[in-house]
Amino acid sequence: MKGVRAKMPRRPALKKPSPPGPKDPVGVYCRVRPLGRPDQECCIEVINESTVQIHPPDGYRIFRNGEYREMQYSFKEVFGTLVAQKELFDVVAKPLVEDLIRGKNGLLFTYGVTGSGKTHTMTGSPGDGGLLPRCLAMIFNSIGPFQAKRFVFKLDDKNGVDVQCEVDALLERQKRDAMPVPKTPSGKRQIDPEFADMINVQDHCKVEEVDEDNVYSVFVSYIEIYNNYIYDLLEETPFDLIKPKPPQSKILREDQNHNMYVTGCTEVEVKSTEEAFEVFWKGQKKRRIANTQLNRESSRSHGVFIIKLAQAPLDADGDNVLQEKEQITLSQLSLVDLAGSERTNRTKAEGNRLREAGNINQSLMTLRTCIEVLRENQMYGTNKMVPYRDSKLTHLFKNYFDGEGKVRMIVCVNPKAEDYEESLQVMRFAEMTQEVEVARPVDRPLCGLTPGRRFRNQAFREELAQKLEIRGGPISGETEEQSASEILLQNFPPLPSCELLDINDDQTLPKLTGVLEERHKLRQKLSEEFAKNVLTFKTILRELDSSVMSKENHFQGKLSEKEKVITGQKTELERLEKKIKTLEYKIEILEKTATIYEEDKRHLQQELESKSQKLQRQASDKRRLEARLQGMVAETTMKWEKECERRVAAKQLEMQNKLWVKDEKLKQLKAIVTEPKNEKPERPSRERDREKPIPRSVSPTPVPGDVFKTRGGGQAVQFTEIETLKQESPTGRKRRSSPSNADPPEDAADSEWTDVETRCSVAVEMRAGSALGPGYQHHAMPKRRKP
């Protein structure tokens, strides 16, 4: 199982050549805390020393298909519920302390959900100290005999360090001792019983190979990142009951070596484990914690405890610190206790707690984003900008990932089933972090002086003191004084024997008198020479005094000029510092503005992407609608074309039928008109009419037609011909003309006219019948002529 990335390229690009120097992956370790109650459901199980297995709790389905799956995650090492703090320290933190003493940087942070044991891992509990007190104990156990006196090393405000001579350091110690606050010697420091059990480490762990020709000093600082603002937990604020001042946030800056540091942060020089942990505990009491539904003492900020170790070599004699700033090495170890990620629907946070949780989750999300971009840049050779500045947490440790150092992370997990989803996200992030590589720190150069000079000098002093003690003190000075007196006495004549053996001895006293007179004369000469020498020496002294006075005046003038130059330079320096502060303030404002603009840009890009996706969806919908409408229009057009063709064909057929009917009528009329007249029709008798049946019109054969399917599913018939039915009228009986009417021509003319009239009436009735329909039958009777 691998961590999920925001965006993955389709095809991995060729990896760019890495910068010179070896790299090491981030060391990620996992620690599983014990369950709070033995009856709690567990969802995490330790498989072996490097693998854990996480499975969904009962009644939880993680996959869409409802399958129950277990996932395994690998780490550099996994520590179960029974692992002690010492074993964890030996594996994870001890190599970082060794690198710190060798002049290399290190970063160690704990990561996990709230209530997973991060603070316990870092700080510890009474009787069981965590990683932080064990790191301090190991440092002072290693450098204890080689520590420099206070104020020999002095940190500046630009993340650098200076070395002072013994006189300046002594003056600062005297100033410190003269302060009204009582100072307890480190050897007689009274330990606070609240944390005395945490630093009572009995294993006495230390680094074996420590450079004995160096002197060391330890400085500690403690900050917290709360709501994306940095606060100094060691800052002394004046206590005011009326108007208490809130703590002021600090600013991040970059030094000349591209390392990030907090400006104006309190850095305390400590000389023992007890003193260092007392400083830490003082800041720990100021750190923001709160009671939530998931943790009774939940950290609401990220705590960063920084240990700086300054070291410099001794001079060639092995007595004093070498007064060269280039030979000073400043290494740093950062111990970070991250606040736990949490879900507000579980903690039921409101107000300030809700805002704190949002800022905590945002900073952890920024850390995850930075790790993802770093991993993508290293694996695929891309050059994406890592968003360190989106959070103070990632901005502070930027130099560890972009520069050099050793980075290690301890993932703390709670195996209870309620934290399953949060633990799953933590596992994915932790496994992804292992793929990020950091440049390996290089060894510091040697100073070039003879090694072992400290102990050789100490051995020489001890041997000299022993010899002087054996000889009874300093002898060389007395020997010189005795030889000078002897030389002076040798200039006088020797005294004769002063012993008088006889009362009448006249030679001894005169000889003694002569010798004494000679001695007196010699003494006078020596006194005169001494007086001359004194006058000469006084003259020389006066000349020397005058030359010294002239030189003093000359040097005083130069000194006053130098002081004026220094004063001007100080004024210029103050002006430049003010300008720097103003520019830094402007830079901070510009950074905030740039952050706001980047956030707006990100939101606008997201909005633009959503709008473009919406437009694409609308365009695709429009294309689909157009295609659908075109299909409907084509279908409707085809239907109407068929309908029009059908109607036109029907109309044409109807017109043809009408024309055909007219032609038939005309033909019938023409036939009626042009039919030849019979000479004299024979009138049938009634008996014959009764016997002869009246002929009926025969039904015509079915007319062929076209059959169409209707829209409702039925059928329709279109006839292509029209049938005309003919009916023959029976021969009408004519009245016989009366006997009185005997004009045969008139009677014949009447018969002929009656015949024509009957035919015309039959034709007219047939026309009317054909207009009513092809199946209409009309029994026409001949119209009788009026007499």
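Asn 159 sits in the loop between S10 and strand S11 (161–163), where strands (E, at least two residues) and helices (H or I, at least four) are DSSP runs numbered from the N terminus. The model is a predicted one, in which local features need pLDDT of at least 70 and side-chain atom pairs count only at pLDDT 80 or more, while totals for chains, interfaces and linings use all residues. Residues are numbered from 1 along each chain as its sequence is written, and side-chain values use heavy atoms, with hydrogens and water left out.

The phi of Asn 159 is near 65°, a positive value in a residue other than glycine, and Asn 159 counts as buried because its relative accessibility is 15%, where buried means under 20% relative accessible area, exposed over 50%, and partly exposed in between (1.4 Å probe, protein chains only). A positive phi of about 65° is also found at Asn 228, which is not a glycine. Asn 228 belongs to the loop between strand S12 (214–226) and strand S13 (229–232), and with a relative accessible area of 31% it is partly exposed.

The next topic is charge pairing. Side chains of opposite charge can pair when their charged atoms come close. With a salt bridge taken as a side-chain nitrogen of Lys or Arg within 4 Å of a carboxyl oxygen of Asp or Glu, the count comes to 29 salt bridges. One of them joins the side chains of Arg 150 and Glu 275 at 3.1 Å, N to O. This pair links distant parts of the chain, with Arg 150 in the loop between helix H3 (131–143) and strand S10 (153–155) and Glu 275 in helix H5 (residues 273–284), 125 residues apart. Both Arg 150 and Glu 275 are buried.

Helix H3 also holds Phe 140, which counts as buried at 8% relative accessibility. The C-alpha atoms of Phe 140 and Ala 276 are separated by 9.9 Å, although the two residues are 136 residues apart along the chain.

In another salt bridge, the side chains of Arg 37 and Asp 39 meet at 3.3 Å, N to O; here Arg 37 is partly exposed, with a relative accessible area of 47%, and Asp 39 is exposed at 61% relative accessibility. Glu 376 and Lys 384 form a further salt bridge, their closest N and O atoms being 2.9 Å apart. Within that pair, Glu 376 is buried at 9% relative accessibility, whereas Lys 384 is partly exposed at 40%.

On the surface, Phe 537, Leu 541, Leu 544 and Val 548 form a nonpolar patch with about 350 Å² of accessible area together, where patch members have over 30% relative accessible area and no salt bridge, and nonpolar side chains are joined within 5 Å. Val 548 lies in helix H13 (residues 508–674) and is partly exposed, with a relative accessible area of 33%.

Definitions and conventions
Patch = residues over 30% accessible without salt bridge, like charges linked within 9 Å, V, L, I, M, F, W, Y side chains within 5 Å. Areas by Shrake-Rupley, 256 points an atom, 1.4 Å probe, with all protein chains shown as cover.
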